[in-house]
Amino acid sequence: MRIYLLITYIFFYSTSSFAEIKDFKIESFSDIEDYYDGEKFLVMLWSVDCPPCIQELTILKELNQKNNLSNIVLINVDGKAENENVQDIITMYSLENLDNWIFADSYMEKLRYKIDQNWAGELPRSYYYEPNVERLTITGMIPKDIFFEMTDTKPKAESLQQTP
Amino acid sequence: MKKKIFFVLLIAFNLFGTNYAKSINCEEVLLHCGNTPSGTFDKNNILWIAYEYNNHIYVIKSGDLGRSFSKPIRVNTIPHEIYTNGENRPKIKVKQTGEVFVTWAEKTKGRFSGDIRFSRSLDQGKTFSEPIIINTDRSLIGHRFDALHLNKKGDLFIAWFDKRDKQEAKSNDISYRGTALYYIYSHDNGETFSENIKLADHTCECCRITVDNDTNNNIHYLWRHIFNTNTRDHALITINSDKLVSKMNRVSFDEWHIDSCPHHGPDMTINEEDRIFYTWFSQGEKNKGIMFGEYDIKNDVITNTQSTDSTGTASHPNIISFNDKLYHVWKRFSGEETYIIGRISSDWGESWSRDIIIKSTSNASDHP
């Protein structure tokens, strides 16, 4: 009996701490925009080697614990070589419930260009969308009022699946 | 003369496009399988390159402008993780008398943490010494973005960004913006080094440092600094031959107020008349994109500030003075391809040639 309980515990522990991080490819950003079209949502680009980015994740963690955030898209720009590190950070900051992606094409300029033709890679970089309003581009730490705007969104019934 | 110009531009030619190796199957210890190379020419115009591959630093050389390379020589025998992201890359310098010096940032445990490693060859690159750590602070914090320099006398200088002061401030509940710039020097080919000397507090923490010396062997460092609360403009400091350090001078006023990681450091070159030319990236209120300028150090005045390329995807500029000309290169993505673009000035930045696409690729690439 104990062994079955142990196996069950290990199974649930390992699956619950593993964040689904989707591969971000050329068509992914337009898929994301289509998916959240008509809703308020926030896209945050971050790197494991960007201290202000990690500060933002700390703020997200606190808000997420209080409000169970949704409609927040986290896109890591380090590439798949950092997948393990990214996984660890998402888990450490309890952000598994957010929409997590990781750059999955080594031609990163192309991926950045698809997101924003005027972005040279500085981080953190975020885009805030509201219905019927031009998207807001944010370089640097996100202002607190934008974060607070995201605390009253409701999650969708089905999550966005990446294009195979 | 044209050959010499070609030599200078060759660094961009040969170092371009080598970082896509991670995306393809590449299991050989070759430059094209490595990451983040840096190059330098010795007095015989031999090109030396240091690069990372599989947790080792390797050194190769070429006597025919990169058409062929020597067998790679491994620098660190014991593998360890090495930073090859952002603006971290190994550095290499070769002295007139043939000694070879290499530095890099080892990735240590924890986030943003590292140590600066140094190794040397006293037998013209045949073998390298066991790498040493040059930062005396050994906490698991950031010591990264090494800048290696040899002055005309053959003295060695290594600078880097160091988080020890930030760490100490944090332990005393004091807020500390950015990180600090430190340096050391050696008069005996790296046999012994000075103590770690702090040059500045509150530097931006993720952009490369640039260094050059003037004809009097004064060393000048230029980097992205954090002025006031969060204005990320550039600063310059000078160390004279008696190791006296000047005050810090602000050399850009773009007013880029941001709490972010630009991952774009400046580059600087000093000509035979001791004129300081530099290039940088900005998204400030006053200047955006790739910029060029000259700093008149005697009068503390910035002159001839120009926009090199303000397109949204222009990035990672470099500049060098060579044979009475300025050579200025940078990267730009067209939407489909990445270019290394260059321009030349024969009158020290007053006018420039038309922009030339030196190289292009439709795949991932490193920085020039």
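Two strands are taken to pair if DSSP finds at least two bridges between them, and helices (H or I, at least four residues) and strands (E, at least two) are DSSP runs, numbered from the N terminus. The views below show a predicted model, in which local features need pLDDT of at least 70 and side-chain atom pairs count only at pLDDT 80 or more, while totals for chains, interfaces and linings use all residues. Residues are numbered from 1 along each chain as its sequence is written, and chains are lettered from A and ligands numbered from 1 in the order in which they are written.

**View 1. Strand 2 of chain B between its two antiparallel partners.** Strand 1 (residues 35–41) and strand 2 of chain B run antiparallel and are joined by 5 bridges, with Leu47(B) in strand 2 as the bridge partner of Phe41(B). The hairpin that these two strands make has 5 residues between the strands, and in it Asn45(B) takes a positive phi near 65°. Strand 2 of chain B also pairs in the antiparallel sense with strand 3 (residues 56–62) of chain B, over 7 bridges, and here the partner of Leu47(B) is Ser62(B). Between strand 2 and strand 3 of chain B there are 2 residues, and Asn54(B) in this turn has a positive phi of about 55°. Strand 2 of chain B (residues 47–53) is mostly covered, with 7 of its 7 residues buried, where buried means that 20 or more other C-beta atoms lie within 10 Å of a residue's own, exposed means 12 or fewer, and partly exposed is in between, the C-beta atoms being placed from the backbone. Leu47(B), Ile49(B), Tyr51(B) and Tyr53(B) lie on one side of the strand, and Trp48(B), Ala50(B) and Glu52(B) on the other, so that both faces are covered.

**View 2. Tyr221(B) in the largest nonpolar core.** A nonpolar core is a set of buried Ala, Val, Leu, Ile, Met, Phe, Trp, Tyr and Cys residues joined through C-beta atoms within 7 Å. The largest such core has 115 residues, of which Val73(A), Ile158(B), Ala159(B) and Tyr221(B) touch the most other members. Leaving aside residues up to four places away in sequence, Tyr221(B) touches Ala159(B), Leu181(B), Leu199(B), Ile209(B), Val211(B), Leu236(B) and Ile237(B), a contact being a pair of residues whose C-beta atoms, placed from the backbone, lie within 7 Å.

**View 3. An open sheet in chain B.** The sheet has 4 strands in the order 13-14-15-16, with antiparallel pairing. Strand 13 (210–213) and strand 16 (249–250) of chain B stand at the edges with a single partner strand each, so one side of each has no neighbour in the sheet. Strand 15 (residues 234–239) and strand 16 of chain B pair over 2 bridges, and Arg250(B) in strand 16 is the bridge partner of Ala235(B).

**View 4. Helix 2 of chain A and its surroundings.** In helix 2 (residues 28–35) of chain A, Ser28(A), Phe29(A) and Ile32(A) are buried. Seen down the helix axis, these buried residues fall within an arc of 100° (taken from the directions from the axis to the C-beta atoms), so they line one face of the helix. Ser30(A) and Asp34(A), on the other side of helix 2 of chain A, are exposed. The cover over the buried residues includes strand 1 (21–24), strand 2 (41–46), strand 3 (72–76), strand 4 (99–103) and helix 5 (108–115) of chain A.

View 5. The peptide bond from Leu123(A) to Pro124(A) is cis, with omega near -5°, and Pro124(A) lies in the loop between helix 5 and strand 5 (125–130) of chain A. Asn132(A), although not a glycine, has a positive phi of about 65°; this residue lies in the loop between strand 5 and strand 6 (133–139) of chain A and counts as exposed, with 5 C-beta neighbours inside 10 Å. In chain B, Asn323(B) is likewise not a glycine and has a positive phi of about 50°, in the loop between strand 21 and strand 22 (325–333).

Conventions: Contact = placed C-beta atoms within 7 Å.
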